[in-house]
Amino acid sequence: MGHVRAFAVTVLALATLGVPAGLVWSLIAPRAPYALTGEGPVLADPATQSLIAADGWYAVITGALALACAVVAWNLARTRRLEVLLGLAAGGGLAAFVTYWVGTTFTLGAVTVEAQALGPGVKVVAGALELTAKGVLVTWPLLAVGMFGIMEAIVAYRESPLRRPYGEIERL
């Protein structure tokens with residue numbers, strides 16, 4: 001039963017962190033400006049970098065949280081390392097989708113646009129926050145599992161008897 005509990009607590013903790021991560025992403029990620037025309041919304045500035053910047057901010061936020069979660073999880077997991085590692089993978093995936101859903105559902109950021117170049121009477125609105133590169137959704141689980149593995153490898157190397165040549169006496 002302890003195995004399931006370690007896995008479930010890890011998954012739920014990471015999924016819960018997806019909510020504030022999504023709110024932060026919604027707050028700081030830029031939104032593309034759209035002009036409302038007779039034919040519908042049109043991208044106001046076709047050369048805008050805000051579509052790519054939103055993906056970058058998503059990757060930075062989820063990546064930083066993934067690394068922090070991996071360090072905390074590794075330090076807290078004494079005997080249930082495998083369960084916590086699997087929880088990081090599953091919880092990281094769930095947290096990535098929660099972050100995406102919260103960030104695209106709630107609009108907290110602001111958009112500033114130079115409306116003079118578009119002409120008189122053209123209304124400019126903020127576009128919805130979206131990910132154009134869906135591959136950034138794997139940032140959280142991938143970095144969390146990778147960092148956990150690196151920390152485990154470092155400790156395993158330090159404790160390995162293969163580091164000491166044969167016949168060497170262990171010093172206390």
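Tutor: What follows is a look at helix packing and then at a pocket. This is a predicted model, in which local features need pLDDT of at least 70, side-chain atom pairs count only at pLDDT 80 or more, and totals for chains, interfaces and linings use all residues. Residues are numbered from 1 along each chain as its sequence is written, and side-chain values use heavy atoms, with hydrogens and water left out.

Student: At what angle do helix 2 and helix 3 pack?

Tutor: Helix 2 (residues 50–76) and helix 3 (residues 81–105) pack at an angle of about 155°, with their axes 11 Å apart. Therefore helix 2 is roughly antiparallel to helix 3, a term for angles over 145 degrees. Helices here are DSSP runs of H or I with at least four residues, numbered from the N terminus, and axes are lines fitted to C-alpha atoms over the stretch in contact, with angles from 0 to 180 degrees between N-to-C directions.

Student: Which residues of helix 2 and helix 3 make the contact?

Tutor: Among them are Tyr 58, Cys 69 and Trp 74 of helix 2 and Arg 81, Leu 88 and Phe 97 of helix 3, where contact means heavy atoms within 4.5 Å. The residues of this contact divide into ten nonpolar, two polar and one charged; Ala, Val, Leu, Ile, Met, Phe, Trp, Tyr, Cys and Pro count as nonpolar, Asp, Glu, Lys and Arg as charged, and the others, Gly among them, as polar.

Student: And how far apart are the axes of helix 1 and helix 2?

Tutor: The axes of helix 1 and helix 2 are 10 Å apart, and the two helices pack at an angle of about 150°. Their contact includes Leu 14 and Trp 25 of helix 1 and Trp 57 and Leu 65 of helix 2, and its residues divide into twelve nonpolar, no polar and no charged.

Student: How close do the axes of helix 3 and helix 4 come?

Tutor: The axes of helix 3 and helix 4 (residues 139–159) come within 7 Å and cross at roughly 155°. Helix 3 is therefore roughly antiparallel to helix 4. In helix 3, residues including Gly 92 and Gly 93 meet residues of helix 4 that include Phe 148 and Glu 152.

Student: Switching topic, what lines the largest pocket?

Tutor: The largest pocket is lined by 18 residues, of which Val 9, Thr 10, Ala 73, Leu 76 and Val 84 lie nearest its centre. Helix 1 (2–28), helix 2 and helix 3 are the elements that give two or more residues to this lining. A pocket is an open set of points on a 1 Å grid over the protein atoms alone, where a 1.4 Å probe fits, with protein on both sides within 12 Å along at least five of seven lines, and lining residues have an atom within 4 Å of a point.

Definitions and conventions:
Angles under 35 degrees count as roughly parallel, over 145 as roughly antiparallel, 65 to 115 as roughly perpendicular and the rest as oblique.
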